[in-house]
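Subject: A structure for you to look at

Hi,

I am passing this structure on to you, as promised. Please open it first, and then read my notes below alongside it.

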Amino acid sequence: MLHLSITYPPLPTHYSIIRLPITHPTHTYFTGNPVCVSIYPSGTRPKRNAFHRKPGVDPMDAADDLFTREDPIFANKELLEISHLPGEGRIVGRDDEISDLANAVNPAIFGQSPSNVLIYGKTGTGKSLCAKYVSKRLVSTAGEEGVNATFAYVDCAQDTTETQAVQTIADGVNDPDVTGINVPDKGLSTSTYYKRLWRILDQRYDVVLIILDEIDKLDDDAILMQLSRAGEAGKITDCKLGVVGISNKIQYKDRMDERVKSSLCEREFVFPPYDANQLREIMQARADAFHDDVLEPSTIPRAAALAAREHGDARKAIDILRYAGEIAQGNDEPTVREGFVTQARQRAETDRFRELIRGSTPHSRYVLQALALLSLSNGRQDGFRTSRVYEIYENICRQEGSDSLSLRRVRDLLKEHAFLDIIEQSKHSGGSAEGSYTKHQLLEDPSVVKDVLTEDSAA
Ligand SMILES: Nc1ncnc2c1ncn2[C@@H]1O[C@H](COP(=O)(O)OP(=O)(O)OP(=O)(O)O)[C@@H](O)[C@H]1O
Ligand SMILES: [Mg+2]
């Protein structure tokens, strides 16, 4: 059976996709699949010589040496893309978490209110994956029970304001042909978006699950208040709502308004990091991203061991595997050798750090910058005391023309970084004269931290 799987960014409306006939199914074009796809403005055809150089020869018949037709390394690289949502058989080591989550939202399949859930865990522990996976299964099981359910997904790192988030939810659950309601990308007031959302929900659904991923990136709790009280406040009458909040900031809950906290945190789950065996299985389950016999047998175990030792982060493990493949590709090597893993790890590490600090506040960055500067100028030490970090942090704030936060807030920021394994904290006793104190040490390479932070502020 031929399998077609192509991803491309959203197209501008005046473009269309035309699938050309397959005359040589044994040839692979572009994505490693036996199909050729080209994109060009509606109503036009591609210039023939845009596809082949030999005049009079059909592009499908000619062997054009301009493009590489066969990818010698990857058979289905999409399996290693971070946005790829693996199917059940490919989700490894999360049976308990999946069944706990399913249990919390189970009432939804009978049209009753699901529990509101907060999921915590370090980066790459499968939180987003499992939340989406359980939601999808919930929707289909509810359907079998005759209950009309759906879920909406909001990446709060992208939709940080209340208006953006409510627009995304309303747009996600809407079908204007069915509801007759229009949810424009922008231009409406927040309250109008809410009104449209409530109408859509009541009109179309019995139950809706709303996943607020990276919930800590929201500017404030306003939308949480609205969603958690929508039924009680009579905004929706026919539809039941459940909220699944996801965060990798363990202290997020402490910042929440008490009323929101009580209704939103009915159930809480913490996803632990993966161990080397689980990471190996996660990678093994995607080994068919590569052609047969391309992966050296020791490559995956080595990548798993490295990723587990450092963070137990599945995203990083998968990244390492993809980068190792790209290194083989770049070097025209026929196999993905174990030796490529070290180089791939470095690249994955930089990406991981970049991703970790994506959307973090300037002060959270200044604190890291202070620690990176201390580490770079003092060489290897077993860490720096809070007071020392705070001193440098204050200097950075002055340079940036920003008021510094209190020592207490900086301590909290350092704790958040420690939770994400960006830094490590150790307690020390200075004897009766000094009492106990904490030292902080970067776990990431200080020059990577400095580079990423500077590249970010320059952008
Ligand atoms: N148990 C698993 N089995 C298979 N793939 C997994 C598993 N856990 C995570 N992955 C993959 O690892 C990547 C990261 O997972 P996910 O996005 O769910 O992490 P996360 O906990 O949400 O991290 P973050 O806090 O950074 O958002 C994804 O590509 C996901 O498909
Ligand atoms: Mg996530």
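Let me start with the lining of the largest pocket: sorted by class, it holds 14 nonpolar, 11 polar and 15 charged residues. Please keep in mind throughout that this is a predicted model.

The largest pocket has a volume of about 980 Å³. Its lining comes to 40 residues, and those nearest the centre are Ile82, Ser128, Lys132, Asp213 and Arg315. Which elements supply the lining? At least two residues each come from helix 2 (127-144), strand 4 (149-155), strand 6, helix 10 (314-330) and helix 11 (340-356). Helix 2 contributes the most, with 4 residues.

Next, have a look at strand 3 (residues 117-121), where 5 of the 5 residues are buried. Cover is found on both faces: Val117, Ile119 and Gly121 are buried on one side, and Leu118 and Tyr120 are buried on the other. Strand 3 runs parallel to strand 6 (residues 240-247), and 4 bridges join the two. In this pairing, Leu118 stands opposite Gly245. Strand 3 is also parallel to strand 7 (residues 267-271), this time with 5 bridges, and there Val117 stands opposite Arg267.

Strand 3 comes up again with helix 14 (residues 407-419). The buried residues of helix 14 pack against strand 3, helix 12 (362-378), helix 13 (386-400), strand 9 (423-429) and strand 10 (436-442). Those buried residues are Val410, Leu413, Leu414, Glu416, His417, Ala418 and Phe419. After helix 14 comes Asp421, with a positive phi near 65°.

Glu214, which is not a glycine, has a phi near 55°, and it sits in the loop between strand 5 (207-213) and helix 6 (222-229). Asp332 is not a glycine either, and its phi is positive at about 55°. Where is Asp332 found? It belongs to the loop between helix 10 and helix 11. Is Asp332 buried or exposed? Its relative accessible area is 71%, so Asp332 counts as exposed, the cut-off for exposed being over 50%.

Best wishes

Methods
Residues numbered from 1 in each chain as written. Chains lettered and ligands numbered in written order. Predicted model: local features only at pLDDT ≥ 70, side-chain atom pairs only at ≥ 80, totals over all residues. Heavy atoms only, no water. Buried < 20%, exposed > 50% of the residue type's maximum accessible area, 1.4 Å probe, protein only. Pairing = 2+ DSSP bridges. Contact = heavy atoms within 4.5 Å. 1 Å grid on protein atoms, 1.4 Å probe; cavity = no way out; pocket = protein on both sides within 12 Å on 5 of 7 lines; lining within 4 Å. Points joined across faces, edges and corners; volume = space filled by probe spheres on them. Nonpolar A, V, L, I, M, F, W, Y, C, P; charged D, E, K, R; others polar.
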